[in-house]
Amino acid sequence: MSFFTDGPRERPLFPVPEQELFGYEGRPWTGPPGDHIVPALLPWARPLGRSGRTIVALRGIEVWPQAMTLRLAVYSRDSLHDGRAGTLIGHRRVPDYHALLIGVLYPNGRRASSETISVPSAAEPDQPVLRASGGGGSAFHLDHEVFVWPLPRDGTLTLVVQWLDRGIEETHTALDGAAIRAAAGDAGELWPGLPKRPGNGVAAVRPAASSGATAFSTVPAVRPSRPPGSSPLPQRKPRDSSGA
């Protein structure tokens, strides 16, 4: 008798059909390509905003070939739940300006924020994309992932947070856009050469792949070529987050 079982178990009566991963579709604005690419990691940990009982902090950045994921954390001395079901940054049709808001301001003046609902699209958007999702944690600490597309050009990328319900006024934190873009060159593709998904978009059953090991291959970062926009963030005197 083995440690875990006394023999092989029968297969289910209706087994789930086998599935195989198709190649990366190359639409970097839809979300992080975590099935295909290992991102570069920037361990930039710093506070983004704080009040007497609450801190919003950046824990690091995952850099994809043409986008990035900001890893944010919220810490509090009192319970954060308040019926929010594990998420604090929410995209709403009618923005709640007293809730936790996150935004990015690009060096060329373009912006994106959690004020609006960003829906993945088949066509390339003409404006930056910011999409936040909730993560794990506890009553006093919650993690969030904030997907941002595209990568910034050389210059300063500004992160903006505001949480009036928690006493955090609009606070700006500057990040090195050139360093973020340079890190994209270290993102590695896991499965180069995978077949493309059929044109009808329905996954077909494919034979099992070989078990041989694969090495990462570098994916070149692409510099966006769209013309810059002209809608800056509301002009308000920023607070320095260095003392947080």
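# Charges and cores in a predicted model

User: What lies 2.9 Å from a polar atom of the side chain of Arg-131?

Analyst: The backbone oxygen of Thr-30 sits at that distance from the Arg-131 side chain. Please keep in mind that this is a predicted model.

User: Where in the fold is Arg-131?

Analyst: Arg-131 belongs to strand S8, which covers residues 129-138.

User: Which side chain of opposite charge is nearest to Arg-131, and how far away is it?

Analyst: That side chain is Glu-145, at 11 Å. Arg-131 is buried but takes part in no salt bridge. A salt bridge requires the nitrogen and oxygen to be within 4 Å, so Glu-145, at 11 Å, does not qualify as a partner.

User: How many salt bridges does the structure hold, then?

Analyst: There are eight salt bridges in the structure. One of them joins Glu-25 to Arg-197, with 3.4 Å between the closest N and O atoms. The two residues of this pair come from distant parts of the chain, 172 residues apart. Glu-25 is in the segment before strand S1 (37-38), while Arg-197 is in the loop between strand S12 (188-189) and strand S13 (217-218).

User: Which residues are linked with them in a network?

Analyst: The network of salt bridges consists of Glu-25, Arg-27 and Arg-197.

User: Which residue pairs with Arg-59?

Analyst: Arg-59 forms a salt bridge with Asp-143, at 3.0 Å from N to O. Because Arg-59 is in strand S4 (residues 54-63) and Asp-143 is in strand S9 (residues 141-149), the pair ties together parts of the chain 84 residues apart in sequence. Arg-59 is partly exposed at 45% relative accessibility, and Asp-143 is partly exposed at 22%.

User: What about Glu-115, and is it buried or exposed?

Analyst: Glu-115 meets Arg-111 in a salt bridge of 2.3 Å, N to O. Both Glu-115 and Arg-111 are buried.

User: Changing topic: what does Tyr-75 touch?

Analyst: Leaving out residues up to four places away in sequence, Tyr-75 touches Arg-53, Thr-54, Ile-55, Ala-57, Arg-59, Phe-140 and His-141. Arg-59 in that list is the residue that forms the salt bridge with Asp-143. Tyr-75 itself lies in strand S5 (residues 68-76) and is partly exposed, at 32% relative accessibility. The C-alpha atoms of Tyr-75 and Leu-142 are 6.8 Å apart, although 67 residues separate the two in sequence.

User: And the overall picture: how many helices and strands?

Analyst: The protein chain has one helix and 14 strands. Of its 244 residues, 39% are buried. Among contacts between residues at least 6 apart in sequence, 68% join residues at least 24 apart. The chain exposes about 14000 Å², of which carbon and sulfur atoms supply 55%.

User: Which residues have the most contacts inside the largest nonpolar core?

Analyst: They are Leu-58, Ile-61, Val-63, Leu-70, Val-104 and Ile-180, in a core of 35 residues. Beyond its neighbours within four places in sequence, Ile-180 contacts several residues, including Leu-42, Trp-44, Ile-61, Val-63, Met-68 and Leu-175. Another core, of eight residues, lies apart from the largest one; among them are Trp-64, Ala-67, Trp-149 and Ala-187.

Conventions: Residues are numbered from 1 along each chain as its sequence is written. This is a predicted model: local features need pLDDT of at least 70, side-chain atom pairs count only at pLDDT 80 or more; totals for chains, interfaces and linings use all residues. Side-chain values use heavy atoms; hydrogens and water are left out. Helices (H or I, at least four residues) and strands (E, at least two) are DSSP runs, numbered from the N terminus. Buried means under 20% relative accessible area, exposed over 50%, partly exposed in between (1.4 Å probe, protein chains only). Lys and Arg count as positive and Asp and Glu as negative; His and the chain ends are not counted. A polar contact is a pair of N or O atoms within 3.5 Å; within protein, one must be able to donate a hydrogen and the other to accept it, and residues adjacent in sequence count only if both atoms are side-chain atoms. Contact means heavy atoms within 4.5 Å. Accessible areas come from the Shrake-Rupley method with a 1.4 Å probe; for residues, only the protein chains shown count as cover. A nonpolar core is a set of buried Ala, Val, Leu, Ile, Met, Phe, Trp, Tyr and Cys residues joined through side-chain atoms within 4.5 Å.
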